[in-house]
Amino acid sequence: MKRGRPSIVGERAPVFWGACAAIALGVVLHLPMLAMAHDMGNHLVGMPMEPEMWAGMVLIVLGVPAAIYGSLPKQRTRHGAHAGTQYEAPDSTPLSRWHAGVLLVLTIGLVIDVMKPATLGFVLPGMRNEYGISQSTVAWFPFAALVGTTVGSFVWGWLADSYGRRVSILLSTILFVSTSICGAMPRFELNLVMCFLMGCSAGGMLPVVYTLLAEIMPPRHRSWVLVLVGGTGLVGGYLAASTAAHLLEPIFGWRVLWLQGFPTGILLLALARLIPESPRFLAEQGRDAELHDMERKYGIVRRPKEPVPPDAAVAVQRHGRLTLALAITALAWSFVNFGLMLWLPSDLQQRGYSSELASGILTSSALLALPTIMVAAWLYSRWSSKWTLVGTILLTLAGLVGALLPGEMLESEAVVVAVIAMLIVGSNGTIAVLLPYAAENYPLGIRGRATGLVAGSSKFGGVAVQSFALAGIIPTLSGAALALVAPMAASAGLIAWAGRETRGRSLRELEAGT
């Protein structure tokens, strides 16, 4: 068995950190050209790539696979899809400073993760002007990013189940740093490639963070921590993106917004020692020193396996039904969030409402997001995880039904505001509890992939919506609501039928299907 000082990435740490240094140097070599462009209105279009940039590209292209090689264990310990939780903190374990540290780091990670795609809306106008491209052409940029986030959710979920949670987070961070050179690309086509890779890294972080938190938190704290950390990361990412755009873009142009991935990614790597690995993976790889460290810091100990109930086969079928329910819920939510809510301001202006009311919708969404998440976290941990999710879906459904009211009723500003409020609160509440609920419901062997599937489904609507935009198809508010009523209603019914209560229950108990 392997003993000794705990390591962040295992046996190949020198290779990993050497690759990280090469990637960082590669990014730095792009900065002189950006500094030179600052004197020319921050425009790089049409400029030839300097030798330093080519050298930086080579370092990054070689550094990324080297970092992957350096982070992965020499031997992958295989476990079955139904491998369960053997190590868990007792329910009486108090939260310690080590718990606080990992919560802080993972919240920062989620803020960085959300900030990347949230920046899209702020860079599109400047990008369109600099490259001199049409609205339909620039729409390929968010399309590439959303395809990347969808793919990344699936790939990183598999990686987390195969090689460990911390490895997946570190590799996602490496891609954050690498793709920050998107802001230095002089050609639009190169921006598309970098944006796709950026999306892959951003899509991978979210499900893995939920998976890791579910496995290291004491059962009585797990529910509210999952919802609150995820929700805070979501709101914080959007606030960070908008603040950076407000402060930096007027001075340095749209390209500087992508460079945020460099210092923030380096910060996350510097804090990586505070991110633990899932104890099951440490045990399988014989990393006893780290396993002992987990017991000291987080109170995680080996626990007896819960007895398998006589209806274990029924539990397997339940997972299939629940996966269908969660995937449909995520898909329906994604169409509401990436479609209906984005089309809403234009539709309202066509109905004769002022641009102030129409543009105020996004502001209202941001203002309502944090209190909604706080309420959702309280209900999820103190009342019911399952019925909190069902309730937020039903509230979203009520907003969709309200959007189908006769035109005469929707001429009332009070009615419109009420409908919009239900959509905003319901959709914010749904996404705040959806992924935590998914992470709690699956056995350890497939928890990353299952949560990644649900996360990917929550992005797929954005891909479809961008496809509609590229084809020139933008439905009305009532048309979009009519199309979404049935799947949203089906989501509530399926969760009520196939879901189960997770509040306050240990992962071992949930995995046993009791």
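**Briefing: a nonpolar core and its helices**

Apart from its neighbours within four places in sequence, Phe141 touches Leu120, Val123, Leu124, Met127, Cys182, Phe188, Asn191, Leu192, Cys195 and Trp258. The model is a predicted one. Phe141 also belongs to the largest nonpolar core, where Phe141, Leu326, Leu340 and Leu400 are the residues with the most contacts inside the core.

**The core**
- The largest nonpolar core comprises 141 residues.
- Helix H9, which spans residues 188-216, gives the most to this core, with 14 residues.

**Helix H11**
- In helix H11 (residues 261-270), the buried residues are Gly261, Phe262, Thr264, Gly265, Leu268 and Leu269.
- The cover over these buried residues of H11 includes helix H1 (13-28), helix H4 (97-118), helix H8 (165-178) and H9.

**Helix H2**
- Met33, Leu34 and Ala37 are the buried residues of H2.
- Because the buried residues of H2 fall within an arc of 100 degrees when seen down its axis, they line one face of the helix.
- The buried residues of H2 pack against helix H3 (51-71).

- Leu25, Val28 and Leu31 form a nonpolar surface patch of about 220 Å².
- Leu31 lies in helix H2, which covers residues 31-38.
- Is Leu31 buried, partly exposed or exposed? Leu31 counts as partly exposed because its relative accessibility is 31%, and partly exposed residues lie between the limits of under 20% for buried and over 50% for exposed.

Key
Residues numbered from 1 in each chain as written. Predicted model: local features only at pLDDT ≥ 70, side-chain atom pairs only at ≥ 80, totals over all residues. Heavy atoms only, no water. Core = buried A, V, L, I, M, F, W, Y, C linked by side-chain atoms within 4.5 Å. Buried < 20%, exposed > 50% of the residue type's maximum accessible area, 1.4 Å probe, protein only. Helix = DSSP H or I, 4+ residues; strand = E, 2+ residues; numbered from the N terminus. Contact = heavy atoms within 4.5 Å. Patch = residues over 30% accessible without salt bridge, like charges linked within 9 Å, V, L, I, M, F, W, Y side chains within 5 Å. Areas by Shrake-Rupley, 256 points an atom, 1.4 Å probe, with all protein chains shown as cover. Salt bridge = Lys/Arg side-chain N within 4 Å of Asp/Glu carboxyl O. Arc of directions from axis to C-beta.
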